[in-house]
Amino acid sequence: QLPEPVSFYNLSYVSSLVLFLVLVLCLIKFRQKRWFMFAFFYYFISIFFLLRYDNLVDRSIVADRFMYLPSLGVCLALGVLLDSVLERMREGQALFKRLAYFMVTVVFLLLGVKTHYQCKVWRDGLSLWTYVLKYFPSEKSALINRGDIYLKQGKYMLALADFNRAIAPDSRKENARPNGGVSYPDLEKSDVAFAYYNRGTLFFKQKQYDFALADFNMAIKLKPEYAKAYNNRGYIYSLRKQYDLSVADYTKAISMDPDLAEAHNNRGSDYYEMGEYKPALKDFTEAIDIDPRYVAALMNRANTLIVLGYPQLVIQDLTKIIHFNAASEEAYYYKAMTHIHLGQYAQALNDLDKLVNLNPHHREGFFHRSFAYKQLNDPQKALSDAMKARSLGREIDLAYIQQLEKLIIKNENELK
């Protein structure tokens, strides 16, 4: 648990002082040794720019990854020292020389075994955070990160257990308030806010919106600049059709994080529901500018352009969606409908072919393909599709069927 107390009763603190004194003595004693001085300055310079001094922003000041490259300097210094010792041994000390080689070999084997087990720890995020929690059971960042992994895997009960533990006050750090609330240290607030946010997301996925709303409120209380929490809270208000509250939250999220594409898209969706299509179009466009592959925003903009009467722009957006997701039934359907609206029946037929290939049970796809065939003077295929649509449960006007049958007879007579 960080930060550790600065005290002579703290073994980590005392050992650091001892190591520092040994290093100073070595610098004095070996100052004429170029290899040793090179190793020291390599270590110092390579790690200097990785050090973190503001622990309120970054508490990873002792992360082992900072030692990967700098440790080459330490290894070089030890290697030079060992080589020097071995060279000084006389022939009469051959036994000690062999013993030294043996000890070095043992050290390398032990380090190899340790590396093997360390690789298992770092196999993935789940194994890493489980390992951390084995030694530090109440470490909030580890609980939150492991819970987030469980959440993404759909293991909601495991995720909930970790988030609950992360949120629970630590008697050694948090202070209970007289009214039953909890005051978290500034260093912990961001972590706890993230835990509330993740737990709220979990409740949202389970459609427990009241619990989710309460957690997003707490996340915002602990971290007032939490843009994603405002966005998620706004989405709950949207589901409840409380558009004044949802738009206010989305606007707040955008003011904090202008590149949060989801907030732009969500606010645009609310404007669309309120019939404010031009502001909706603006928000969808901004979301797409931030993330050109944002399929939901492209679909929402296409729907808005339909209402505003820009069919060619609708086709452009739907074509982009299909480019990003060739299995989008919705995009093929609305693109075909737009082509039909423009009288472009051959293009519509192409989209409807792909639609019914993707979903052989798409009754609307079969019905509208029947209409496209009819307009292209192929009543036989039109009748076949109409009957297919009817078999799938689509209501077909009998007069339409009779009209197709008459067209078939007419075409046959013309061929005679």
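Two helices count as roughly antiparallel when the angle between their N-to-C directions is over 145 degrees. In this predicted model, the definition applies to helix α13, which spans residues 277-290, and helix α14, which spans residues 295-308. Their axes cross at roughly 150 degrees and come within 9 Å. Because that angle lies over the cut-off of 145 degrees, α13 and α14 are roughly antiparallel to each other. The crossing of these two helices is left-handed.

The contact between the two helices can be followed residue by residue. From α13, Tyr 277, Leu 281, Phe 284, Thr 285, Ala 287 and Ile 288 take part. They meet Ala 297, Leu 298, Asn 300, Arg 301, Thr 304, Leu 305, Val 307 and Leu 308 of α14.

Two individual residues elsewhere in the chain may now be considered. Asp 148 belongs to helix α6, residues 140-152. Its relative accessible area is 17%; because this is under 20%, Asp 148 is classed as buried. When residues up to four places away in sequence are not counted, Asp 148 touches Phe 163 and Asn 198.

Lys 228 lies in helix α10, which covers residues 227-239. With a relative accessible area of 45%, Lys 228 is partly exposed, since this value falls between the limits of 20% and 50%. Leaving aside neighbours within four places in sequence, Lys 228 is in contact with Tyr 197 and Leu 260. The C-alpha atom of Lys 228 is separated by 9.4 Å from that of Ile 254, a residue 26 residues apart from Lys 228 along the chain.

Terms used:
Residues numbered from 1 in each chain as written. Predicted model: local features only at pLDDT ≥ 70, side-chain atom pairs only at ≥ 80, totals over all residues. Heavy atoms only, no water. Helix = DSSP H or I, 4+ residues; strand = E, 2+ residues; numbered from the N terminus. Buried < 20%, exposed > 50% of the residue type's maximum accessible area, 1.4 Å probe, protein only. Contact = heavy atoms within 4.5 Å. Axes fitted to C-alpha atoms, helices over the stretch in contact; angles between N-to-C directions. Parallel < 35°, antiparallel > 145°, perpendicular 65-115°, else oblique. Left-handed = near helix turned anticlockwise from the far one by under 90°.
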